[in-house]
Amino acid sequence: MLEHGGNLQQAVQQYGRPLTDWLDVSTGINPQHYPIPALAPALFQRLPPATDTLHAAARTYYGCQHVLACAGSQAALQLLPTLRAPCRVTMPRTMYQEHAHAWQRAEHQVQFFEQTPDSDTLNQSDVLLVCNPNNPTGHVYHPDTLLDWHAQLAARGGWLVVDEAFMDSTPQHSLASHTGQAGLWVLRSLGKFFGLAGLRVGFLLGEPTALAQVESLLGPWTITGPSQMIASQALADHDWQQLMRGHLPAQSRQLAQVLSQHGLKPAGGTDLFQYVLHPASRELQQALAKEGIWTRYFESPSALRFGLPPANEWSRLAQALRHVTQQLSNSQP
């Protein structure tokens, strides 16, 4: 299993600090989650219903015609590589690691580019996969560019796969409304923007015949009844969504400012996290952990990702950053 943000139990064991005494900014999950409504006990006693209501809410929210709910976009991510015979798959070198892992495990030939594929790379690819915005760099691919790549790939039976897990606060960049065409897949998640990672609700958007194939592989009851109810309500709550689309960019700018004030100017980010390149990122992560701050470490390139802290934890984060960066500065020759 690859290392991910949110692995707080690892930090608890490693540093001996109780779980309740941590500030976890290792994920890109919105700390102001969608409010959980009261749930009838019967929801937990019955088998999950058909996903018709959830799918209707998702089609309206994403502006698409064809959608399939799954147990987090991770479930769809792991299935897509099994739908093709081994082929040439291309993706950014710095990206959510589960994609490369899934395609390699299915015996595809995976190659990497730094940020944008050149024409030779594109011509030699059967599948092109990107995160948009990219996780963890925050790079955004313009929809027109992606649609051009899709047209080139689809003309020879290829695929474009776009993971839009962090797209919700910038829907104008989404390819969701273009799905339904052969060879175009979009992954969406309720875990990040809605802050509901524990529900395990995600969506695969694509061509209907191909979606039916995925559905048959997933089998029945992939989304629990309580998760369906909460997700349907969240997707339909336009007022809450608009509120977050106002709040999150401001909070992300505040996070970038706090980091910059302590010599950690972000190299990129989204409305839910900031990405900091640093030559001593491992030492920085360890020093922050001793202060009870858990971050996401990346080995290559050496970097840390900082998610948004809860409203009452900004001062704690700033104080820890001040202490730790002073320590690292004093320890250098």
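Helices (H or I, at least four residues) and strands (E, at least two) are DSSP runs, counted off from the N terminus. This is a predicted model, where local features need pLDDT of at least 70, side-chain atom pairs count only at pLDDT 80 or more, and totals for chains, interfaces and linings use all residues. Residues are numbered from 1 along each chain as its sequence is written, and side-chain values use heavy atoms, with hydrogens and water left out.

**View 1. Here is helix 9 (residues 238-261) and what comes just after it.** At 1.5 Å times one less than its number of residues, this 24-residue helix should span 34 Å, and its end C-alpha atoms sit 35 Å apart, which agrees. Its buried residues (under 20% relative accessible area with a 1.4 Å probe, protein chains only; exposed is over 50%, partly exposed in between) include Trp 240, Met 244, Arg 245, Leu 248 and Leu 255. Just past the helix, Gly 263 takes a positive phi of about 75 degrees.

View 2. Strand 12 and strand 13 (residues 303-307) are joined by three bridges; Leu 304 in strand 13 is the bridge partner of Tyr 297.

**View 3. Zoom in on the largest nonpolar core, with 65 residues.** Such a core is a set of buried Ala, Val, Leu, Ile, Met, Phe, Trp, Tyr and Cys residues joined through side-chain atoms within 4.5 Å. Those with the most contacts inside it include Tyr 62, Phe 194, Leu 235 and Phe 306. Helix 11 (residues 314-331) gives the largest share, seven residues. Apart from this core lies another, of 27 residues, including Trp 103 and Trp 185.

**View 4. Helix 4 (residues 97-105) has its own buried set.** Glu 98, His 99, Ala 100, Ala 102 and Trp 103 are the buried ones. They pack against helix 3 (73-79) and several strands, among them strand 3 (88-92) and strand 7 (184-189). Just after helix 4, Glu 107 has a positive phi of about 70 degrees.

Notes:
Contact = heavy atoms within 4.5 Å. Pairing = 2+ DSSP bridges.
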